[in-house]
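Today I'm looking up charged pairs and a metal site.

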Amino acid sequence: MAKNLYFFDEGDGSNKKLLGGKGAGLCTMAQLGLPVPPGFVITTEVCRRYYESGGKLPGELMNEVGAAMQKLEKLTDKHFGDLNNPLLVSIRSGSMLSMPGMMDTILNLGLNDESIEGLAKGTKNERFAYDAYRRFIQMFGKIVLGIDGKKFEEAFDGHKHKVGAKLDTELKAEDMKEIVRQFKQIIKEEKGEEFPNDPNEQLRGAISAVFKSWNTKRAKEYREFYKIPHDLYTAVNVVTMVFGNMGPDSGTGVAFTRNPATGKKALFGEFLFNAQGEDVVAGVRTPLRIAELEEKSPQLYQQLIEIVGKLEQHYREMQDVEFTVEQGKFYMLQTRAGKRTAQSAVKIAVEMAEEGLITRKEAVLRIEPKQIEQMLHKQVDPKAKGQIIAKGLNASPGAAVGKVVFDSERAKEMGEKKEKVILVRPETSPDDVGGIIAAQGVLTSRGGMTSHAAVVTRGMGKPAVVGCESIKIDLNKRSFEVGGVTVKEGDTITINGSTGEVILGEAPLIEPQMSVEFEKLLSLADEFKRLQNWANADYPQDAKRARELGAQGIGLCRTEHMFFEEKRLPLVHQMILAETEEERKGALKKLLEIQKGDFKGILKEMNGLPVVIRLLDPPLHEFLPKYEELLEEVIMRRMSREKPAELEAAEKLLKRVEAMREANPMMGLRGCRLGITRPDINEMQVRAIFEAACELKREGRDPKPEIMIPLVGHVNELKVVREQLEQVARKVMLKHGVDVSYKFGTMIEVPRAALTADEIAEFAEFFSFGTNDLTQMTYAYSRDDAEGKFMFKYIEQGILDFDPFQTLDRKGVGKLMRIGVELGRGRRSELEIGICGEHGGDPESIKFCHELGLNYVSCSPFRIPVARIAAAHAALRAGEAEKQRYL
Ligand code: PEP
Ligand code: MG
């Protein structure tokens with residue numbers, strides 16, 4: 001049977017699942033010969049059993065812990081609860097995946113009315129000893145006994161006030177003793193029992209409390225947000241206490257081996273002399289930067305550099321470490337992979353690959369496609385002249401605009417109403433996580449680059465400005481004041497997490513710029529991917545942007561978007577409503593010229609690359625005024641009895657629109673059905689495409705149009721339309737005397753098309769899965785209504801695991817796609833197959849498209865970088881052997 005606990009020199013540091021991240025890190029460090037205080041880990045399995053038995057520690061556990069404590073006593077030459085030389089321990093949580101600040105930690109355990117004397121004597125520092133004691137009682141009271149922390153804080157502040165002390169450091173040993181007395185009193189009053197003097201009882205209580213903290217509301221919220229499974233559980237680390245608050249040659253710090261905001265290769269972190277670890281993380285006192293430590297204590301700095309260097313080499317990953325110096329002696333308390341912004345992650349991955357620390361494949365796999373989305377965060381336009389009212393630390397990059405709110409509950413409420421808010425707090429704590437999730441960004445007046453707000457927002461990819469000390473927050477008045485400006489709850493501000501600036505009102509934002517490392521990462525990704533990345537683009541400028549972002553083709557040009565433009569709409573109306581053949585032809589001719597210009601622009605931008613142009617898809621009445629509005633107009637005009645000519649025109653239009661009305665337009669006269677009933681529109685479009693292509697060809701360019709016929713459900717639809725349109729294409733080419741390389745193909749967006757794809761492939765050189773419609777028609781969920789109406793409920797109630805309009809439903813829609821691919825390629829082996837529904841930019845769906853063997857995925861231009869990484873991940877995870885040579 002597996003052991004319940006492991007000493008740091010025996011645990012397997014690679015088994016984070018069993019030992020938790022912190023425990024595994026401590027084991028690894030101890031086994032690397034780095035200075036770690038002696039201790040042991042109680043495994044996550046014990047925590048599982050704790051929950052399975054309804055909150056009871058396994059029977060044998062405390063005996064084993066007792067034996068381990070005896071071993072620890074030997075190792076440290078100290079004794080638990082001893083009057084002379086007491087052993088004190090910290091009890092720390094630690095799950096497989098980091099959940100910073102979410103679970104509990106208890107320090108200085110083992111202090112009681114006897115051992116306190118020992119600590120005071122041993123350190124020759126009575127004040128320090130009693131300070132440690134009061135901290136312990138406070139933590140124990142709050143965490144183990146569940147007493148409201150405010151009670152202790154009020155007593156502490158009350159005493160400070162009484163003796164006229166402003167800072168904690170002004171309190172003397174006598175004051176600490178008095179505070180200890182008061183704290184014990186609080187426990188007695190609140191719980192009706194004494195604070196436990198027996199260290200073993202303390203230990204038992206603390207271990208249970210840490211296990212319990214796995215399931216607090218905030219921890220559950222955090223796991224839900226990060227999709228961390230609830231059954232990973234936490235380990236408990238019992239670690240010999242070392243003290244960073246033992247005088248001027250002591251201190252505590254946190255450091256990252258590289259910069260977590262920018263990725264720069266330089267030690268980054270903070271250090272507080274004469275303090276305990278919690279003081280740094282809580283962000284209450286503003287600490288020294290690590291660079292200042294180099295000036296103040298070069299020896300310590302050197303030691304730190306050596307240790308973290310070894311750790312980074314060992315883990316081949318940026319590390320986030322916590323350490324304490326006790327009277328000049330270094331102790332490592334924690335190491336873990338550091339949380340970082342997406343920018344930083346990309347720079348670190350690329351540079352580590354260049355340094356040879358990791359492979360190129362690992363570099364690509366280290367960046368999750370979702371992280372790339374963060375990099376596409378908007379920035380404050382540098383040219384904008386907003387009123388900068390304050391400047392704090394640029395803790396998490398990107399810009400956010402929103403209404404100021406001062407507490408997390410409020411942020412959550414407003415967030416649910418889809419209002420954009422900025423959470424403004426003196427500092428944040430783990431209880432604020434829900435509020436941070438709901439907010440666009442966070443602004444705090446206290447705390448450093450490793451404060452809670454900074455760490456959490458960086459992890460979430462949310463902009464944050466922290467330690468903005470010039471803002472004076474008044475939580476009671478729900479406002480803050482800075483430089484004569486008062487900002488009230490509900491007022492709009494912009495925070496710039498890249499510069500630390502706080503701007504009054506809504507600043508204009510611009511698209512993000514791509515860094516050199518980002519470009520490098522994307523190029524690396526391209527080496528590994530098999531899927532091509534195409535873009536959905538309707539205009540030349542979108543095509544240009546797509547190409548800059550790495551698009552290898554246009555997978556969908558929705559030509560109807562060109563019709564909607566203001567100046568063109570009257571022509572479209574004329575074309576639809578024309579009463580005579582002549583009138584209609586006139587309108588079509590004008591539209592032909594316009595469309596030719598559009599297509600020429602796109603084909604030119606994509607020179608040499610394929611451009612899939614879809615013929616008109618939506619029902620025609622979508623281009624006309626709404627029936628209800630027209631009806632209202634006619635009624636108004638009738639009542640006013642004015643301008644009979646205009647009334648007549650309105651009535652006529654109403655009649656035409658009425659005649660075109662359909663009960664179910666999404667299943668009505670749209671797509672190829674429209675082309676069959678109104679061939680002149682399709683013909684005009686194909687003529688425009690080939691006119692444009694021929695002209696480009698004659699200009700020496702290389703246009704590659706692919707004509708896509710939408711919404712085919714029966715092969716004959718495609719057959720008829722294609723035959724008719726190919727004639728048009730040939731005529732135009734003949735006229736120009738040039739040959740354009742082109743393809744005719746279809747969308748597969750109707751289930752029947754997928755099921756009869758072999759027949760369809762007979763007449764199609766390419767397929768493009770229109771998974772928006774295919775999802776709509778497979779589920780019979782209206783794509784325009786589902787998300788606003790019932791989808792949320794379906795997901796909340798667990799009827800669906802995810803929204804199938806965002807992530808492809810493999811089981812149903814995916815099955816149709818698989819059939820479509822197999823039948824299609826069975827008939828025409830070289831059939832080009834892609835996807836152009838929204839799923840083409842979704843990493844999970846891209847993975848599926850890779851598995852299906854599609855040729856490309858197509859998505860909107862701004863998602864191309866995400867899709868490129870996702871395509872590489874899909875290939876790498878599928879273990880493409882032939883790509884291994886790149887490693
Ligand atoms: C689709 O149906 O997936 C598609 C791309 O076409 P549209 O969204 O224009 O209907
Ligand atoms: Mg469609």
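I started with R134, which forms a salt bridge with D131, the closest N and O atoms being 2.9 Å apart. (A salt bridge here is a side-chain nitrogen of Lys or Arg within 4 Å of a carboxyl oxygen of Asp or Glu.) R134 and D131 are three residues apart in helix α5 (residues 126–144), so about one helical turn separates them. Helices are DSSP runs of H or I with at least four residues, strands are E runs of at least two, and both are numbered from the N terminus. Both R134 and D131 are buried, meaning under 20% relative accessible area, with exposed over 50% and partly exposed in between (1.4 Å probe, protein chains only).

Note on the source: this is a predicted model, where local features need pLDDT of at least 70, side-chain atom pairs count only at pLDDT 80 or more, and totals for chains, interfaces and linings use all residues. Residues are numbered from 1 along each chain as its sequence is written, and side-chain values use heavy atoms, leaving out hydrogens and water.

Next I checked K347. It makes a salt bridge with E351 (2.9 Å, N to O), four residues away in helix α13 (residues 342–355). K347 also forms one with E517, at 3.3 Å between the closest N and O atoms.

One network links E560, R614, D617, R670, D773 and R783.

Last, which residues are the protein donors of the magnesium ion (ligand 2)? I found E749 (OE) and D773 (OD), 2.0 to 2.1 Å from it. (Donors are N, O and S atoms within 2.8 Å of the metal, or 3.2 Å for Na, K and Ca; water is not among the atoms, so sites may look incomplete.)

Methods: Chains are lettered from A and ligands numbered from 1 in the order in which they are written.
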